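Here is a short briefing for a reader new to this structure.

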Amino acid sequence: MNFDFSDDQKQLRDQARRFLAEKSPPRAVRAVLEGKADYDRELWKGLAEMGFLGVAIPEEFGGTGAGYLELCVIAEELGRALAPVPFASTVYLAAEALLIAGSVEQKQKWLPKISSGEAIGTLALFEGTGNPSPKAIKIAASNGTLSGTKKPVADGAIADFAIVAARTGNSGREADISLFLVDLKAGGVTAKPLQNVDPSRQQAELAFDGAKAEPLGAAGEGWSILSRVLDRAAVLIAFEQVGGADRALEMGRDYALDRIAFGRPIGSFQAIKHILADMYVSATLARSNCYYGAWALSTDAGELAEAAAAARISATQAFQHCAKQNIQVHGGMGFTWEFDCHLYYRRSNALALALGSQSYWEDQLIDRMRQKNAA
Amino acid sequence: MNFDDTPQEAEFRAKARAWIDANAPKQYESDLRKASLGRVVLKDANVLDVAKAWQKKKADAGWAVPHWPKEYGGRGASPIERVIWQQEEGVFGKLTAMFIIGQGMCGPTMMAYASEDQKRHYLPPLGSGEKVWCQLFSEPAGGSDVAGLRTRAEKDGDDWVINGQKIWTSGAHYSDYGILITRTDPTVPKHKGLTMFFLDMKSEGVEVRPIKQANGNSDFNEVYFTNVRIPDSQRLGGVGDGWNVSLTTLMNERMSIGANVATGFPELFDYCNSLTLDGTPALDDRAVRSKLASWAVKASGLKYTSFRSISALSKGQRPGPENSIGKLVAGSMIQEVAMYALDLQGAAGVLSGPEDADVAGRFQAMLLRSPATRVEGGTDEILRNIIAERVLGLPGDIRVDKDVPFNQIPTKGRA
């Protein structure tokens, strides 16, 4: 059994960690958080130069074609560094939708630009409150155009193109949904940034008014493509969450070692030790579930849907748990703007909702386990 | 990243599988599958007899303790081969429960500290299950604080004379031998005055009294020592070095990688899969789904955590600290799972008889047994301390009795 990343992949992790420590320090995250920039352009350029944006994009479309295990490694480091860039929207969602369902022309047009950092993409799925569901999609396509509103759309105001889920039928079934690719710079779309709990990554509303929309994949296939995209993205975002959870644990541990109260390091008190031990437990469970997700993603295994849901649920729990307990270990200082604890707290809660909330993924997991059991 | 065996591992696995296929007591397979925490029942057979017979059969073919050296009854298997054996033994591994303490803790301690003659004499029958061993550590005054133990050993000629009491000794009532930690010098600080021995449990002055547990069963015992004589040749390690010797024993307790820790989840999922609530399948219920999903990812998290450790063994490396979470997670989980399974049964969840209760009362038995899983072999709190101190590197607690002579440490809280 070799249920671990290879030495080359571990080297890539070290390389990405060093790169991000330099290019995405907390002060860079804060610049976006505080509205000084809508994303970190320098960092984005650097990620392109390192080949990280195209790590899972085949060479024929401008990527390095290294693979999904490499992308998982990079995702973990982006999560640890809270990288304030539209990586998830562009790489896990838009690029994956293109790879799964795009025509050769669509792939040729957009994937090289994603790899080079010239194009930012996103997925426009949600229309207000609620989880992913065919019924929740109201926006309709007619005669190659789209009209209606999508929100929240991650990085919608900085994206160059969006994959949009829209209604092409009214049978009440999944086959009503189709995907479209919309060039957001071609007119007919108004983007409005929205206030959100983690401003280090943007959310927006996209209002389509007769925007030109080209089909992505076959008509009526939208929901099944989308499900596959969400499964893949769930594994990758779970790695970001594990990276964030580990960093929050380290921050708490370091503070407990340094902070003196009642004449001793607070880390010598069992009340603090047990908080940190429980953080370690949840981070470890999440990491192990994520490794299984990475295996399923990299081999396109039949188990991907189940593995992705497990990774997603476990990593969401772990990051939220570690980020909130990190603040608790820090006491009052953890609630200051100055300390970085809130950056992780914000990100943990934002990532928990990206791709739909826990209840959606719980349903995915139980449905898959049930199918397996029946088989 | 893959789950494949190396060619050598595959060869070992094939050999193990073929032997198990040909020799395992298959007539008990379905009963063993139904067994869960708090209840192992074999139709028309005594578990102890079946377990001993299986162990002996394995021993005759060299499979009883595969990772032990050949001269002591093993086959010199590598750590990864030991894991593969456990995976292949599967449900029949439940029969080895009664040998785990002897083979997992007493055996390695004997290997490290007994004389060569003693090892050749005592270890093979321990491996084969013909002789069962127990570990006499915990005392009424020394549980988590095991170094607070008070059982005295006093030198008399070539013998040591033992007086005192042990408690929570698993299997003492069917054990032939035991390893025993005693206090030989109460005038020095508590960790420094301890000495380890092994003894024949049939020695004069040893009295074993089963403890009636909170769940009504009796798996553990109190053991009383009244002027029990142990020859000095049965001392393990130096006089006053018992604490270090006990650490060898406890280290081995934590090497149980690949052994499945019971979470109760597979049982709960099976149960929910066939359960109807108000005429609709339980698995359609949002609240049930949410609970199950949270436990499912804990169970899978533990499984893949052990896979990570196994991968390290497979590469000949030492596993990382990740495996230290197993009992902590599983112990409290199985208790919550049992409570939830009863909750799903409504008022009838209170019934525990195999005839009346759902799935023959397995969850009721699990509920009543589960509090012990959070205490035995290290309480949840001690395990959290271990993770915090050894994995995360936090400072040890302040120990007010560390440098105080043992006989001056207070023995009562409120007078």
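UniProt positions are given here in the numbering used for this structure, feature names are shortened, and annotations may be inferred rather than shown by experiment. The model itself is predicted. With that in mind, start with chain A and then turn to chain B.

**Chain A: UniProt features**

- An unreviewed UniProt entry places the feature "domain: Acyl-CoA oxidase/dehydrogenase middle" at residues 134-209 of chain A.
- Residues 134-209 of chain A are 0% helix and 53% strand. The end C-alpha atoms of this span lie 21 Å apart.
- UniProt, again in an unreviewed entry, puts "domain: Acyl-CoA dehydrogenase/oxidase C-terminal" at residues 220-359 of chain A.
- Residues 220-359 of chain A are 76% helix and 3% strand. Here the end C-alpha atoms are 25 Å apart.

**Chain A: assigned domains**

- The domain assignment divides chain A into domain 1 (7-118), domain 2 (122-220) and domain 3 (223-374).
- The C-alpha centres of domain 1 and domain 3 of chain A are separated by 21 Å.
- Domain 1 of chain A gives 25 residues to their contact, and domain 3 of chain A gives 32 residues.

**Chain B: assigned domains**

- Chain B is divided into domain 1 (7-127), domain 2 (133-242) and domain 3 (265-378).
- Between domain 2 and domain 3 of chain B, the C-alpha centres lie 35 Å apart.

**Chain B: strand pairing around β7(B)**

- Strand β7 of chain B covers residues 220-231. Strand β3 (residues 159-170) of chain B pairs with β7(B) in the antiparallel sense, over 10 bridges.
- Within β7(B), R229(B) is the residue opposite V161(B).
- Strand β6 (residues 206-210) of chain B also runs antiparallel to β7(B), joined by 5 bridges.
- V206(B) has F225(B) of β7(B) as its bridge partner.

**Chain B: a helix pair**

- How do helix α5 (residues 100-113) and helix α6 (residues 116-127) of chain B cross, and at roughly what angle? Their axes come within 11 Å and cross at roughly 170 degrees.
- Angles over 145 degrees count as roughly antiparallel, so α5(B) is roughly antiparallel to α6(B).
- From α5(B), the contact is made by G102(B), Q103(B), G107(B), M110(B) and M111(B). From α6(B), the contact is made by K119(B), Y122(B), L123(B), L126(B) and G127(B).
- By class, the contact of α5(B) with α6(B) has 5 nonpolar, 4 polar and 1 charged residues.

Methods
Residues are numbered from 1 along each chain as its sequence is written. Chains are lettered from A and ligands numbered from 1 in the order in which they are written. This is a predicted model: local features need pLDDT of at least 70, side-chain atom pairs count only at pLDDT 80 or more; totals for chains, interfaces and linings use all residues. Side-chain values use heavy atoms; hydrogens and water are left out. Axes are lines fitted to C-alpha atoms, for helices over the stretch in contact, and angles run from 0 to 180 degrees between N-to-C directions. Helices (H or I, at least four residues) and strands (E, at least two) are DSSP runs, numbered from the N terminus. Angles under 35 degrees count as roughly parallel, over 145 as roughly antiparallel, 65 to 115 as roughly perpendicular and the rest as oblique. Contact means heavy atoms within 4.5 Å. Ala, Val, Leu, Ile, Met, Phe, Trp, Tyr, Cys and Pro count as nonpolar, Asp, Glu, Lys and Arg as charged, and the others, Gly among them, as polar. Two strands pair if DSSP finds at least two bridges between them. Domain bounds come from an automatic or database domain assignment.
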